[in-house]
Amino acid sequence: MGALPVLRDKVPPISSLLIKPASALCNLNCAYCFYLDRNTDPYKNLPVRIMSGETLRVMIGKFMEYSYPQAVFAWQGGEPTLAGTAFFEKACRLQRLYGRDGHTVSNSLQTNGTLLNERWCRIFTDYNFLLGISLDGPEEVHDLYRRNKGGRGTWRKVMAGIELLRRYGVAFNILCVVSKANVRRAKDLYRFYGRLGVRHIQYIPLAEFRADGSPLDWTITPQEYGRFLAETFRLWWPNRRRVRIRLFDNIAEALTGLPPGNCALHERCDTYTVVEHNGDVYPCDFFVRPEWKLGNVNLDSFTEIANRQRRIGFAEKKSLSHPECLTCEYLLLCRRGCPKLREGRRGLFEDLDYFCESYRLLFRMAVPKLRVEVEKIVGAQSTFHG
């Protein structure tokens with residue numbers, strides 16, 4: 001049976017959901033966690049923060065109706081596996097129940113990897129999940145900040161989880177937070193992941209600030225991150241056809257005119273929405289704040305949420321420019337950066353992205369090489385199709 005089209009106006013639709021089934025709850029106590037010791041979790045005093053079966057059903061049913069022909073679900077936290085295997089088995093059954101002819105569904109899950117077992121791996125295999133595993137490098141680097149509630153390091157458990165994923169053939173990427181622990185060890189990190197046979201890496205620069213705008217102890221400087229990116233690019237370039245690093249892929253995508261996979265490089269902040277454990281919806285996982293709440297899936301349709309003026313207003317914050325942006329040759333690549341990294345120090349969306357200097361250094365090195373590479377690939381494809 002053919003599917004009926006979903007009618008929308010000219011406001012860009014919500015292309016994917018980032019779902020927090022256990023809110024910000026986590027079984028670890030990572031020193032640099034965004035939610036620790038900061039007023040960034042509006043649900044921290046609630047006694048229960050696991051998504052109910054009914055909210056799960058409503059959310060999936062409404063999004064499957066709204067999203068035809070492609071529904072993208074990204075499960076995150078906190079630690080999403082705290083919701084339990086039965087929760088995710090039900091989620092996948094509901095996706096099948098509400099799917100229509102020609103409807104494709106994708107699931108990804110970001111986890112610290114310490115709670116994985118064979119049942120989890122069977123779910124990931126049966127439903128073709130893509131996992132993002134947080135691993136900050138070798139044991140002494142990873143365990144400096146990523147510890148459990150008892151203060152013990154978590155590296156060995158993460159590695160055991162990775163081995164289990166490999167045994168079951170589950171696809172996974174590595175997510176590496178670049179902090180004071182590893183920012184000066186770009187070569188060590190790259191070689192460590194190479195020895196592990198990792199082929200997909202996402203580096204996430206750490207920048208968290210106190211209320212007065214000063215950086216927290218593990219926050220890296222723009223100069224440090226710039227040097228880290230430059231050294232990583234030099235190491236990666238000979239292996240560029242074999243190893244994927246997300247930021248470098250994003251730059252190549254932007255050079256071809258395609259929307260990069262990283263929303264920070266988009267023209268507007270409106271590609272996805274966050275769904276909290278109770279169904280509340282927000283425009284970004286860094287802006288789960290009462291003033292940016294867009295609605296609730298139990299009360300609102302996704303068409304209503306997508307068209308809320310507050311969502312449009314948040315998306316347009318991306319267009320606010322610092323004077324330096326207006327004359328920057330890389331503006332069409334960085335698109336003014338990430339609002340979280342612009343607003344974090346002084347509360348001003350008009351500020352420069354904290355890592356602006358880092359990206360300029362990388363762009364100067366990477367863009368000429370990537371542009372030639374992209375032109376080769378595009379030329380080869382047009383010759384083949386011609």
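This is a guided tour of the structure above, one selection at a time.

**Before you start**

The model is predicted, so local features need pLDDT of at least 70, and side-chain atom pairs count only at pLDDT 80 or more, while totals for chains, interfaces and linings use all residues. Residues are numbered from 1 along each chain as its sequence is written, and side-chain values use heavy atoms, with hydrogens and water left out.

**Stop 1: the whole protein**

Show everything as a cartoon. You are looking at 14 helices and ten strands. Helices (H or I, at least four residues) and strands (E, at least two) are DSSP runs, numbered from the N terminus. The radius of gyration is 21 Å, close to the 21 Å that the globule rule gives for 386 residues, so the protein is as compact as a globular protein of that length. That radius is taken over C-alpha atoms, and the globule rule is 2.2 Å times the number of residues to the power 0.38. Along its principal axes, the C-alpha trace spans about 50 × 50 × 50 Å.

The protein exposes about 18,400 Å², and carbon and sulfur atoms supply 53% of it. Accessible areas come from the Shrake-Rupley method with a 1.4 Å probe; for residues, only the protein chains shown count as cover. Of the 386 residues, 52% are buried. Buried means under 20% relative accessible area, exposed means over 50%, and partly exposed lies in between (1.4 Å probe, protein chains only).

Contact means heavy atoms within 4.5 Å. Among contacts with a separation of 6 or more, 70% are between residues 24 or more positions apart.

**Stop 2**

Ten of them form an open sheet with mixed pairing, in the order 7-6-5-4-3-2-1-8-9-10. Strand 7 and strand 10 (295-296) stand at the edges with a single partner strand each, so one side of each has no neighbour in the sheet. Two strands pair if DSSP finds at least two bridges between them.

Zoom in on strand 1 (residues 16-19) and strand 2. They pair in the parallel sense over three bridges. Pick L18: its bridge partner in strand 2 is A74.

**Stop 2: F73**

Select F73 in strand 2 (residues 70-75). F73 counts as buried, at 0% relative accessibility. What is F73 in contact with, leaving aside its neighbours within four places in sequence? The list is L17, I19, I60, F63, M64, Q95, V105, S106, N107 and S108.

**Stop 3: two cis peptide bonds**

Go to Y68 and P69. A cis peptide bond joins them, with omega about 10°. P69 is in the loop between helix 1 and strand 2.

Next, find G77 and G78. The bond from G77 to G78 is cis, with omega near 10°. G78 sits in the loop between strand 2 and helix 2 (85-98).

**Stop 5**

Select S23, in the loop between strand 1 and helix 1. S23 is not a glycine, yet its phi is positive, about 55°. S23 counts as buried at 0% relative accessibility.

Move on to R336, in the loop between helix 12 (331-334) and helix 13. Phi of R336 is near 75°, a positive value in a residue other than glycine. At 17% relative accessibility, R336 counts as buried.

**Stop 4: helix 6**

Select residues 186-196. The buried residues of helix 6 are A186, L189, Y190, F192, Y193 and L196. Seen down the helix axis, they fall within an arc of 160°, so they line one face of helix 6. The arc is that of the directions from the helix axis to the C-beta atoms. Their cover includes helix 5 (155-168), strand 5 (171-178), strand 6 (200-205), helix 7 (222-236) and strand 7 (244-245). G197 follows helix 6, with a positive phi near 80°.

**Stop 5: E343**

Finish at E343 in helix 13 (residues 339-343). E343 is buried, with a relative accessible area of 11%. Leaving aside neighbours within four places in sequence, E343 is in contact with F287, R289, L348 and F349.
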